[in-house]
Structure formats: structure tokens, C-alpha cells
Amino acid sequence: MEDMREVYQRHAQTVYKFLLAKTRDEHLAEELTQETFYQAVKSVDRFDGSCKVSVWLCQIAKHLWFQHLRKQKREAPVLPEDLPEAPGPSAEESVLEREGRMDLLKLVHNLPETQKEVVYLRAFGGLSFREIGDVCGKTETWARVTFYRSKEKLRNGGVNNEE
């Protein structure tokens with residue numbers, strides 16, 4: 001396998017974007033990205049070459065993300081009591097924006113798992129179609145078509161007109 005420094009330089013951004021799409025938290029995505037490469041170094045002897053390096057790394061990242069979620073479930077969240085309120089949109093604007101966002105997230109959540117993952121990776125993670133194809137073990141064209149079909153389904157309120 002390639003020198004791990006080269007692997008990091010080549011794939012760190014893809015792993016980070018993948019994790020950012022999952023976590024929606026820049027700091028957590030960065031932390032998990034570092035842990036992903038640490039785990040990869042520890043287990044490099046188990047990489048058998050049956051998939052692309054980026055796919056292998058994203059599998060490690062996904063495992064670490066699930067591990068983080070399980071750990072978080074066991075711990076009670078500590079919420080800051082006195083956060084200062086930042087000036088922003090009016091209460092009415094905030095409610096309308098939040099409702100619109102919630103409606104969209106509900107529709108995305110109801111997509112089939114593959115479509116949901118592609119939308120998250122593209123919209124929230126900022127991955128290119130090539131990167132999405134690599135992460136999912138598919139082609140760039142597959143990622144484009146899946147994203148397009150997902151968008152069409154979302155435009156139709158989550159109903160697929162082909163069915």
C-alpha cells in the first residue's frame with residue numbers, strides 16, 4: 001500500500017467531507033477524520049485491496065461515526081445554560097425558515113437509504129459526484145443520476161412519479 005502520508009494527502013478531504021455530511025459538525029468531522037487515519041495506520045496490514053483506498057477509509061470513518069453515536073447515547077448531554085443570543089432574523093422569519101427546512105429534511109429522511117446518503121453527501125458534505133461514487137463504490141455517473149432522481153422526488157413532495 002502507498003505511503004500513509006501520501007494516502008492522507010490524497011484522501012483526507014474526501015473523508016472529512018464524508019464525515020461532515022454525516023455529523024453536520026466541522027469540529028467533530030475533523031476529529032473523526034484524524035481518528036480514521038489513526039485507525040487506518042493501525043490496521044493497514046488488514047487492507048486487502050478488494051476496494052479502493054477511499055472506500056476503505058470511509059468505511060472506517062462510518063464505523064467511528066456509529067461508535068461516536070453509541071457513546072453519545074450513553075452519556076447525558078450537557079447543555080450550556082447562558083448562551084448570549086445573536087441578533088438575527090425576526091421570530092416570524094425564523095419560524096418560516098425552520099418549518100421549510102424541517103419539511104425538506106423530513107422529505108430527505110423518507111428517501112430510500114441510497115438516495116438519502118447521496119443527497120447528504122452532496123448537499124451537506126459538499127462532495128463531488130466522483131467522490132460520492134468512490135465512497136459508495138459506484139461510478140460518478142451513478143452518483144449524478146441518483147442525485148438527480150432524488151431531487152426530482154423531493155420536488156414532487158417525496159412522491160416518485162415513475163412508480
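**Overview**

A residue counts as buried when its relative accessible area is under 20%, as exposed when it is over 50%, and as partly exposed in between (1.4 Å probe, protein chains only). By this cut-off, buried residues make up 33% of the 163 residues in the protein chain. The model is predicted, so local features need pLDDT of at least 70, side-chain atom pairs count only at pLDDT 80 or more, and totals for chains, interfaces and linings use all residues. Residues are numbered from 1 along each chain as its sequence is written, and side-chain values use heavy atoms, with hydrogens and water left out.

The protein chain has seven helices and zero strands; these are DSSP runs (helices H or I, at least four residues; strands E, at least two), numbered from the N terminus.

**The nonpolar core**

A nonpolar core is a set of buried Ala, Val, Leu, Ile, Met, Phe, Trp, Tyr and Cys residues joined through side-chain atoms within 4.5 Å. The largest one has 36 residues, and Phe-18 and Leu-121 are among those with the most contacts inside it. The helix α1 gives the most to this core, with nine residues.

Leaving aside residues up to four places away in sequence, Phe-18 touches Cys-58, Ala-61, Lys-62, Glu-117, Leu-121, Leu-127 and Val-135. Contact here means heavy atoms within 4.5 Å.

**Helix α7**

The buried residues of α7 are Ala-143, Thr-146, Phe-147, Ser-150, Lys-153 and Leu-154. Seen down the helix axis, they fall within an arc of 125°, so they line one face of α7. The arc is taken from the directions from the helix axis to the C-beta atoms. Thr-141 and Arg-155, on the other side of α7, are exposed. Just after α7, Gly-157 has a positive phi of about 75°.
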